[in-house]
Amino acid sequence: MLIDLPPPLWVPQAPAIIRPAEQQLASEWFRSAPKATRRFLIKRWVASGRLSKADAANTLVRSCKVSPVMAMLMVNQLIGFGAGGIGGNDGYTKLLLHFDGADAATTTTDSSPSPKTVTFSGSAQLDTAQFKFGTASLLLDGTDDYVYIEDTADIAFGTGDFTFDFWMKRAAVSGAQENTFGQGNAGLTGGYHYGKITAGNTMDFAMNDDALLAAGPAGAPLNNTNLNHIAVVRSGNNLAVAVNGTWGANTDVTAVTYTDSTARFAIGQLGEFTDGSSFNGWIDEFRISKGIARWSPGTSFTPPTEAYA
């Protein structure tokens with residue numbers, strides 16, 4: 001069993017008081033630990049706020065004998081902070097749905113640090129026939145199927161950065177709009193926001209009652225053969241949508257406050273609003289991040305290659 005003590009004093013089966021010899025043991029153990037274990041520890045220490053990025057880099061300098069510059073590059077890559085970093089399940093993560101489980105199951109778990117209750121509605125269910133990571137994905141049939149969480153301060157973004165990202169595949173290209181996720185009440189009053197598939201088969205994001213629209217890349221339509229990676233990012237004054245790492249044009253959101261709705265947030269439709277435009281297909285690895293732009297709008301990127309952990 002590994003005792004969870006503050007770094008750099010963490011050692012297997014550590015006593016309450018760490019002696020110098022045991023600190024040396026910790027250093028030796030960390031240096032010889034598998035790469036995946038070292039990655040896990042660095043990410044955990046920094047994400048929990050118990051180790052700064054600088055201290056994490058110094059730990060790598062001491063234990064792995066790398067240069068300070070290389071150590072900081074390694075830390076940025078491991079924890080996903082800084083330019084080009086995507087992070088994982090960290091302190092910025094407010095909802096993380098892997099949608100893993102048995103075929104046709106109607107429950108799932110929020111794996112974020114502050115888990116929410118996720119409710120399945122209609123015929124929404126897990127499907128093991130299609131998924132990007134893990135064992136299953138969320139299957140929605142386009143007839144008022146969705147999953148939802150109740151309103152929470154964790155999705156009140158104000159003027160700060162945020163990111164929605166997930167994988168999706170349509171059951172068929174219908175040529176009609178499909179509301180894929182969003183928050184808003186049944187009458188669309190009091191503020192609403194949503195991601196939608198357009199008649200042109202790309203993903204757009206509408207913010208603040210359709211007052212602001214970030215369009216997906218016109219030259220990169222959704223792939224109907226494989227699951228597509230979608231990222232909706234606010235980074236400072238820019239709001240943009242990326243499909244499989246290719247960005248649409250930036251929308252200027254300078255000084256704009258994200259309207260704080262009190263309605264449910266849903267995946268598969270626009271919150272509590274039902275008009276026959278629900279999403280028909282599969283969704284996997286859905287994450288909401290608050291206070292961080294996981295990618296930089298305008299800079300193309302390679303989508304994640306593994307589930308967030």
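Both Asp165 and Arg287 are buried, where buried means under 20% relative accessible area, exposed means over 50% and partly exposed is anything in between (1.4 Å probe, protein chains only). The side chains of Asp165 and Arg287 also meet in a salt bridge, at 2.9 Å from N to O; the term stands for a side-chain nitrogen of Lys or Arg within 4 Å of a carboxyl oxygen of Asp or Glu. Asp165 sits in strand β6 and Arg287 in strand β16, so this pair ties together parts that are 122 residues apart in sequence. Helices (H or I, at least four residues) and strands (E, at least two) are DSSP runs, numbered from the N terminus.

A word on the model itself: it is a predicted one, in which local features need pLDDT of at least 70 and side-chain atom pairs count only at pLDDT 80 or more, while totals for chains, interfaces and linings use all residues. Residues are numbered from 1 along each chain as its sequence is written, and side-chain values use heavy atoms, with hydrogens and water left out.

Back to β6, then. Nine of the nine residues of β6 are buried, so this strand is largely enclosed by the rest of the structure. With β16, β6 pairs in the antiparallel sense over eight bridges, and Thr163 has Ser289 of β16 as its bridge partner. With β11 (residues 228–235), the pairing is antiparallel too, over seven bridges. Here Asp165 has Ala231 as its bridge partner, and Met168 has Asn228.

Strand β11 is mostly covered as well, with seven of its eight residues buried. It is joined by six bridges to β12 (residues 238–243), and these two strands run antiparallel. Across this pairing, Arg234 stands opposite Leu239 in β12. Together β11 and β12 make a hairpin with two residues between them, and Gly236 in the turn has a positive phi of about 60°.

Gly91 and Ser289 are 198 residues apart in sequence, yet their C-alpha atoms are 8.7 Å apart in space. Gly91 is found in the loop between α4 (68–79) and β1, and Gly91 is partly exposed, with a relative accessible area of 43%.

Next come the aromatic rings. A pair of aromatic rings is described by the distance of the centres and the angle of the planes. Rings of Phe, Tyr and Trp (its six-membered ring) pair if their centres lie within 6.5 Å; planes under 30 degrees apart count as stacked, over 60 as edge-to-face and the rest as tilted. By this rule the count comes to 20 aromatic pairs. In one of them, the rings of Phe162 and Phe164 have centres 5.7 Å apart and planes at 70°, so the pair is edge-to-face. Phe162 and Phe164 are both buried. In another, the rings of Phe265 and Phe286 have centres 6.1 Å apart and planes at 55°, so that pair is tilted. This one links distant parts of the chain, with Phe265 in β15 (residues 265–267) and Phe286 in β16 (residues 280–290), 21 residues apart.

Some rings have a charge over them, which requires NZ of Lys or CZ of Arg within 6 Å of the ring centre and within 35 degrees of the ring normal. Arg287, the salt-bridge partner of Asp165, lies over the face of Tyr308 at 3.7 Å from the ring centre. Lys132 lies over the face of Trp167, at 4.4 Å from the ring centre.

In total, the structure holds five salt bridges. One of them joins Asp154 and Lys116, with the closest N and O atoms 2.5 Å apart. Asp154 is buried at 17% relative accessible area, and Lys116 is buried at 15%. Another salt bridge joins Glu150 and Arg264, whose closest N and O atoms are 3.2 Å apart. Glu150 lies in the loop between β5 and β6 and Arg264 in the loop between β14 (251–252) and β15, so the pair ties together parts that are 114 residues apart in sequence. Glu150 is partly exposed at 46%, and Arg264 is partly exposed at 26%.

Definitions and conventions. Two strands pair if DSSP finds at least two bridges between them.
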